[in-house]
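Subject: Structure handover

Hello,

Here is the structure we spoke about, with the sequence alongside. My notes on what turned up in it follow below.

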Amino acid sequence: MTCVIGFEGAVALMGRFPALAGADLMVSAGERVLLQGPNGAGKTSLLRAVAGLLPVVAGTAEVLGQDLRADRRGVRRHVGMLGHDNHLYADLWVRDHMRFRAAAVGADAQEVARAMELVELPSRLWRVPTRRLSAGQRRRVALAALVVRRPRLWLLDEPHAGLDARGRDVLDNLLLEASSAGATVVFASHEVERAQAVADRVVDLGGGRVVGDRRVA
Amino acid sequence: MAAGSWGTVVWRDALLVAGKDLRIELRARVTITQVAPLGVLILVVFAFAFNANAVLLAQGAAGLYWVAVMFGAVLVIQRAFDVESDDGNQDALRLSGFHPGSIFLGKAMALAVQLLVLQTVLWVGLVVFFDVGVADWPLLGCAGLAGTSTIAVCGTLYGALAAGVSVRDTLLPLLLLPVLAPALLAGTRAFEAATGVTTDAGWNWTGLLFVMTAVYTVAGLAAFGPLVEDG
């Protein structure tokens, strides 16, 4: 199966602090990998390093067949990341924001409408500045922007945060659909039961390293 | 990828970034409702400080105009980069796959449009409060455009430089205003010639502004990648 993430002894620094201290992680296409670990274990750092947002300074770091240490920008085009932030422009209307994100990846208005439907965001919110939305609605807009991006690799950090019960179901379905369509999903979550229901593999992190790796049903 | 298509992509993405920044301004109206009135206020305060001396005001009008433009520009530039810092948008911009040159050109274009609006309002203020006349309209227009483009490209470069640090609100003016001092001088001399206050070679000063624009554009295109990555 195609290797999507190939990290061997990857070291990444946050300032002078080693955020990743020799992380080993191999992920194949279509896998749904849950990252677990206590605060400071390196989950966010690993996701950011895979996305090409945190430079890997030592070890091997390949994502989607490209060497991250040689070219981080090339990888980013195929990656969709949702971190703790929602990446929303506060003053833009939801519609403006979605159009900008869609235009950046060459998606059309139909794809935007479909993404908004998928995350169940009502059209009455299209002309509302994103700052006026609730936390859950903002998360849904961020998810819609991710869907429009059509990423080959989904990276999500605490994606369930801020979503209501229905929103969490919508998110889980999105991840399962993306995976069945061939995309790879790597996410970190403290909501163990819900996350393990979505994941087919759990990777435990500690001290910036992978300390456990197991399959789940 | 062919050079032509690469250039097309860069400009297309630059227009996207510029359109996004201008739409943010259109929705929030910060330049027109806050920055422009502040600029006019600066002109009025100077008028009071000079005791409404018509001769003195007419002589100093060009300089005061560019001082007001630059203080207004600092606020506009600050805001252009604040919106990228909020809610992790800088990460989103990095993940967008836009070439750093596109981001630089897009943000500079959006800044230039906002500065032109600011300058138009300030010019009206200058005519109303300082009773300034125009001797050479083409020179005035070209000098205005040249000054705008210089401030826009230089401001975009230094805005990105300051964006990554926690003290950016105070750092940006400290970095930017000294660098823009030659532009202030050139803009002032060109406007003095355009308004008939002096018979200086206004076109030479305008040419200098265009040269500064070219230099800062090249510097911005070269430096923006590392600035965005390390910001």
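In chain A of this predicted model, four strands form an open sheet, in the order E2-E1-E4-E5, with antiparallel pairing. The edges are taken by strand E2 (17-28) and strand E5 (66-67) of chain A; each has a single partner strand, so one side of each is left without a neighbour in the sheet. Strand E1 (residues 3-14) of chain A is joined to E2(A) by nine bridges, and the two run antiparallel. Across this pairing, Ala12(A) stands opposite Leu20(A) in E2(A). As background, strands of a sheet pair through backbone hydrogen bonds, in either a parallel or an antiparallel way.

Chain A as a whole contains seven helices and ten strands. Its C-alpha atoms fill a box of roughly 50 × 35 × 35 Å along the principal axes. The radius of gyration of chain A is 17 Å, which agrees with a compact globule, because a globule of 217 residues would have a value near 17 Å. Of those 217 residues, 48% count as buried. Taking the contacts in chain A between residues at least 6 apart in sequence, 71% join residues at least 24 apart.

One residue of chain A that I looked at is Ala145(A), which is placed in helix H5 (residues 135-149) of chain A. Is Ala145(A) buried or exposed? Ala145(A) counts as buried, because 27 C-beta neighbours lie inside 10 Å and the cut-off for buried is 20 or more. Leaving out residues up to four places away in sequence, Ala145(A) touches Met98(A) and Arg101(A). Between Ala145(A) and Leu88(A) there are 9.5 Å in space, C-alpha to C-alpha, although the two are 57 residues apart in sequence.

Chain B is built from helices: eight helices and zero strands. Read from the N terminus, the order of elements is α-α-α-α-α-α-α-α. The C-alpha atoms of chain B fill a box of roughly 55 × 35 × 30 Å along the principal axes. For 231 residues a compact globule would have a radius of gyration near 17 Å, and the 18 Å of chain B agrees with that. In chain B, 49% of the 231 residues count as buried. Of the chain B contacts between residues at least 6 apart in sequence, 84% join residues at least 24 apart.

Within chain B, how do helix H6 (residues 137-163) and helix H7 (residues 168-194) cross, and at what angle? Their axes come within 10 Å and cross at roughly 170 degrees. Angles over 145 degrees count as roughly antiparallel, and H6(B) and H7(B) are therefore roughly antiparallel to each other. The residues of the contact of H6(B) with H7(B) divide into 20 nonpolar, five polar and one charged.

Last, the interface. How many residues of each chain are in contact with the other? The contact involves 18 residues of chain B and 22 residues of chain A. On the side of chain B that touches chain A, the elements giving two or more residues are helix H1 (3-28) and helix H4 (89-95) of chain B. H1(B) gives the largest share of that side, six residues. By class, the side of chain B that touches chain A has seven nonpolar, four polar and seven charged residues.

Regards

Conventions
Residues numbered from 1 in each chain as written. Chains lettered and ligands numbered in written order. Predicted model: local features only at pLDDT ≥ 70, side-chain atom pairs only at ≥ 80, totals over all residues. Buried ≥ 20, exposed ≤ 12 C-beta atoms within 10 Å, placed from the backbone. Contact = placed C-beta atoms within 7 Å. Rg over C-alpha atoms; globule rule 2.2 N^0.38 Å. Pairing = 2+ DSSP bridges. Nonpolar A, V, L, I, M, F, W, Y, C, P; charged D, E, K, R; others polar. Axes fitted to C-alpha atoms, helices over the stretch in contact; angles between N-to-C directions. Parallel < 35°, antiparallel > 145°, perpendicular 65-115°, else oblique.
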